[in-house]
Amino acid sequence: MVEVRRPVDIGQLRVWLGDADVVQFSEPLTGAEYRSLAGLLAEHPRVPLRVYGFDRELATLRFLRWFPHVRRFSVAGLHHLADLAPLDQLSADVESLDIGETRKPLDLAPLAGFRRLRRLRVVAHRRGMAELLHANPGLRELSLWRLPVDRVLPVVVLPDLRSLALTLGSLADSEWLAQIPALRYLALRRVRALNDLGPVTRLPALRWLWLEALTVERLPDFRSSTMLSRVDCVDMHRLRHSASLRGLAAAPQLRELRVVAFQLAVDAVVPFADHPTLQRAWLGLGGERRDREARDVVRLPPPRADREFAAAYELTRML
């Protein structure tokens, strides 16, 4: 991450930009500095530009006139942003938008003019969501935060969607997930009302599944998930029983596993002791003794770092 502050040193930014995940600023720059930064970003079209903070001038988005060719843009944390219409200053070729946290919910309707989006993150903004997704059937990566997903989007037609993350919202009908059969990465984090993960097992291309702080007490039978290579179960404290993970152990090609479940019975990990394809595992059951007992059962090195695993399988982990 590269933070841009006045006075802007373009030479230093050019050095830093090579490895940057994002370039961001939270205070207005001069016209000359905007122009220089825009020229630099033109040399690095895959690096996103993010503007954030509490400055009311930035929240007007007038500065975007200097950045007509930016293709990846984020307003996550731009507190006083009140209208997305000024994004029409961006090129129609925009491929990534992050409409993150703002003081008030925004109308997404002005974004429906973008029809080539490949990546989208939206936090708590509902109005215009269905129209935005309808305008972008080529989306490949989608992250939705703090939304009642199946109420806001009862029908989803995204045939190219490969990565989906749902966080801090709700999903009353898990069959909703079956509308997106091309998913290769799925994250369900602190999603309320989600009690049945059965439809997840019917996603034929699923390679990486991330489950976090859900209320399910037992995972379904994954024997039909022939592509599933990695599962992360984080803060899954409702998993308590000896049979809670038995269905997951049926995944025929599982290679990497991480479990953090402080109420889980130690013998719940026994089915993984002789799993034919499992190569890496990390088990955190809460307490040094319980962790040691679990790792004595499954004696494997820990999973690879998220980025390393994602790169190996050409996946995108959405946040």
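Ala, Val, Leu, Ile, Met, Phe, Trp, Tyr, Cys and Pro count as nonpolar, Asp, Glu, Lys and Arg as charged, and the others, Gly among them, as polar. The model is predicted, so local features need pLDDT of at least 70 and side-chain atom pairs pLDDT 80 or more, while totals for chains, interfaces and linings use all residues. Residues are numbered from 1 along each chain as its sequence is written, and side-chain values use heavy atoms, without hydrogens and water.

**Exercise 1.** Describe the lining of the second largest pocket by class.

*Solution.* Step 1: a pocket is an open set of points on a 1 Å grid over the protein atoms alone, where a 1.4 Å probe fits, with protein on both sides within 12 Å along at least five of seven lines; lining residues have an atom within 4 Å of a point. Step 2: of the 14 lining residues, Ala 38, Leu 41, Ala 42, His 69 and Val 70 are the closest to the centre. Step 3: the lining divides into ten nonpolar, two polar and two charged residues. Step 4: helix α2 (residues 31-42; a DSSP run of H or I, at least four residues) gives the most, with three residues.

**Exercise 2.** Determine how the buried residues of α2 are arranged around its axis.

*Solution.* Step 1: Glu 33, Tyr 34, Leu 37, Ala 38, Leu 40 and Leu 41 are buried, that is, under 20% relative accessible area (1.4 Å probe, protein chains only). Step 3: the face turned away carries Arg 35 and Ala 42, which are exposed (over 50%).

Definitions and conventions. Helix = DSSP H or I, 4+ residues; strand = E, 2+ residues; numbered from the N terminus. Arc of directions from axis to C-beta.
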